[in-house]
Amino acid sequence: MLLDNSFTYGVGIMSGTSLDGIDVAVVKISEENDSVHIELEHFDTVPYSNEVKQVILDLCDPITASIQLISSMNMLLGKLYAEAALKAIDDSGLRLADISFISSHGQTIFHQPDPIDAAGELVASTLQIGDISTIAELTGITSVGDFRTRDMAVGGQGAPLVPYADYLLFRSQAIGRVLVNIGGIANLTILPKNSAPSQVKAYDTGPGNMIIDYFARRMTNGEWFYDKNGELAANGSVNHTWLDILLQEPYYKIPPPKSTGRELFGEEYAIKLWNDADKLSINLADRIATITKLTAVTLTNDIKRHIEPDGIREVFISGGGSYNPILMKEIRNGLPDHVQLRKMDEIGMPADAKEAMIFALLGYQCLKQRTNNFPPATGAKREVVMGKVAWGTLRG
């Protein structure tokens with residue numbers, strides 16, 4: 001029977017809003033005394049080609065998206081995910097027969113957590129593409145995906161999903177912790193000291209790297225897809241007048257649970273901010289310095305609300321933003337001195353691999369038929385088993 005051994009090898013696949021590429025984590029999962037443990041065996045990131053990246057961006061824009069393109073890319077991404085998984089398994093030294101399952105988040109191209117009118121009814125929705133049947137067929141390995149929709153079916157926002165694993169793996173009886181991921185969007189999980197599930201809070205705080213990446217592309221005429229080592233922001237100064245205007249965005253004042261994505265903070269929003277900076281005659285370096293500060297301030301403002309009530313003493317950062325020293329410096333400066341700022345690597349989970357590892361865990365729990373959403377974070381009415389399964393059959 002699947003997952004019936006003392007330990008299980010699985011593969012987690014994550015492709016986020018920053019479009020850095022396909023993150024693949026080969027993991028070993030075991031259980032002891034009702035606790036689940038996950039270890040990283042191998043990790044790799046397979047970059048998207050510039051053409052694939054541009055098509056995904058086109059799919060996220062209602063003006064350039066088409067039904068034909070969505071359908072085609074759903075199958076193509078399934079193929080690319082399968083190829084990335086096969087490469088990672090081979091590089092890990094394991095055999096295909098050693099791997100019990102593949103679990104893929106898919107590529108989000110639309111996320112509408114607040115209901116809108118559809119054929120006369122109010123409907124919340126989300127869409128992740130990257131066909132799991134294609135993954136299962138090309139690898140021969142049972143594949144799990146499409147997690148978010150089940151949470152939405154019970155009134156949740158379908159996001160964030162990572163807090164389930166944050167609570168399972170990282171809560172502490174001695175101190176409160178905040179786990180932060182800075183991808184295209186920044187999100188956090190608040191784990192109060194010795195917390196029960198009902199005490200955990202988790203949500204998207206706003207833009208992470210998404211707007212920074214856009215400004216980096218504009219400033220370098222497309223040569224840079226992100227601000228390498230914060231070099232562009234390091235040459236500028238924060239324009240506090242403009243920052244105060246940016247902080248008036250209504251999303252920041254919405255109470256959790258809440259989630260967001262390109263629908264709010266995508267290219268259309270970034271273009272608006274760029275044009276606003278033109279009108280204010282803000283030089284290029286100061287623009288990206290201010291946008292970098294925006295990510296830091298919106299994040300630390302939310303963290304500071306929880307420091308004393310929840311006994312927060314450690315903040316762990318993962319995601320691409322953890323490699324931007326200017327962003328990290330701004331976050332450090334925004335927190336009290338008694339709160340430690342650390343990278344996920346320091347507690348045994350590489351920052352780059354975290355989300356792929358966690359989706360492996362979510363897939364594992366799905367195949368065990370265990371609930372794996374987290375209502376305190378998503379707002380769902382109850383716990384459910386998220387994920388759809390495409391059964392695989394190894395050949396040869």
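**Close-up views of a predicted model**

View 1. The hairpin that leads from strand E7 into strand E8. In this predicted model, two residues make up the hairpin that connects E7 to E8. Strand E7 covers residues 176–182 and runs antiparallel to E8, to which six bridges join it. One of the residues that can be picked out along this pairing is Ile 182, whose bridge partner in E8 is Ala 186. On to the next strand, E8 is likewise joined by six bridges to E9 (residues 201–207), and these two strands also run antiparallel. Strand E8 and its two faces. In a regular strand the side chains alternate between the two faces of the sheet. On one side of E8 lie Ile 185, Asn 187, Thr 189 and Leu 191, and on the other lie Ala 186, Leu 188 and Ile 190, all of them buried, which leaves both faces covered.

**View 2. Aromatic pairs, with Phe 7 and Tyr 9 as one example.** The structure holds 10 aromatic pairs. In the pair formed by Phe 7 and Tyr 9, the ring centres are 5.4 Å apart and the planes meet at 75°, and the pair is therefore edge-to-face. Phe 7 has a relative accessible area of 33% and is partly exposed, whereas Tyr 9, at 16% relative accessibility, counts as buried.

**View 3. The tilted pair of Phe 101 and Tyr 364.** These two rings, Phe 101 and Tyr 364, form an aromatic pair with a distance of 6.4 Å from centre to centre and an angle of 45° between the planes, an arrangement that is tilted.

**View 4. An aromatic cluster and two arginines over rings.** One aromatic cluster is formed by Tyr 251, Tyr 252, Phe 265 and Tyr 269. Elsewhere, a charged side chain is placed over a ring: Arg 171 lies over the face of Tyr 167, at 4.2 Å from the ring centre. In another such arrangement, the face of Trp 274 has Arg 287 over it, at 4.6 Å from the ring centre.

**View 5. The second largest pocket and its lining.** The second largest pocket holds about 500 Å³ of space. Its lining consists of 22 residues, and those that lie nearest the centre of the pocket are Cys 60, Asp 61, Pro 62, Arg 262 and Glu 268. Two or more lining residues come from each of helix H1 (50–59), strand E4, helix H9 (262–265) and helix H10 (267–279). By residue class, the lining of this pocket divides into 13 nonpolar, three polar and six charged residues.

View 6. Most residues other than glycine have a negative phi, and most peptide bonds are trans. The peptide bond from Ala 159 to Pro 160 is cis, with omega near -10°, and Pro 160 is found in the loop between helix H4 (148–153) and helix H5 (162–170). Pro 256 and Pro 257 are also joined by a cis peptide bond, for which omega is about 5°; Pro 257 is found in the loop between helix H8 (240–246) and H9. Ala 119, a residue other than glycine, has a positive phi, near 55°; Ala 119 lies in the loop between E4 and strand E5 (121–129), where, at 84% relative accessibility, it counts as exposed. Phi of Asn 194 is positive too, near 50°, and Asn 194 lies in the loop between E8 and E9.

**View 7. Pro 350 and Met 14.** Pro 350 has its place in the loop between strand E11 (340–343) and H13, and with a relative accessible area of 28% Pro 350 is partly exposed. Although Pro 350 and Met 14 are 336 residues apart in sequence, they are 14 Å apart in space, C-alpha to C-alpha.

Definitions and conventions: Residues are numbered from 1 along each chain as its sequence is written. This is a predicted model: local features need pLDDT of at least 70, side-chain atom pairs count only at pLDDT 80 or more; totals for chains, interfaces and linings use all residues. Side-chain values use heavy atoms; hydrogens and water are left out. Buried means under 20% relative accessible area, exposed over 50%, partly exposed in between (1.4 Å probe, protein chains only). Helices (H or I, at least four residues) and strands (E, at least two) are DSSP runs, numbered from the N terminus. Two strands pair if DSSP finds at least two bridges between them. Rings of Phe, Tyr and Trp (its six-membered ring) pair if their centres lie within 6.5 Å; planes under 30 degrees apart count as stacked, over 60 as edge-to-face and the rest as tilted. A charge sits over a ring if NZ of Lys or CZ of Arg is within 6 Å of the ring centre and within 35 degrees of the ring normal. On a 1 Å grid over the protein atoms alone, a cavity is a set of points where a 1.4 Å probe fits but cannot get out, and a pocket is an open set with protein on both sides within 12 Å along at least five of seven lines; lining residues have an atom within 4 Å of a point. Grid points are joined across faces, edges and corners, and a volume is the space filled by probe spheres set on the points. Ala, Val, Leu, Ile, Met, Phe, Trp, Tyr, Cys and Pro count as nonpolar, Asp, Glu, Lys and Arg as charged, and the others, Gly among them, as polar.
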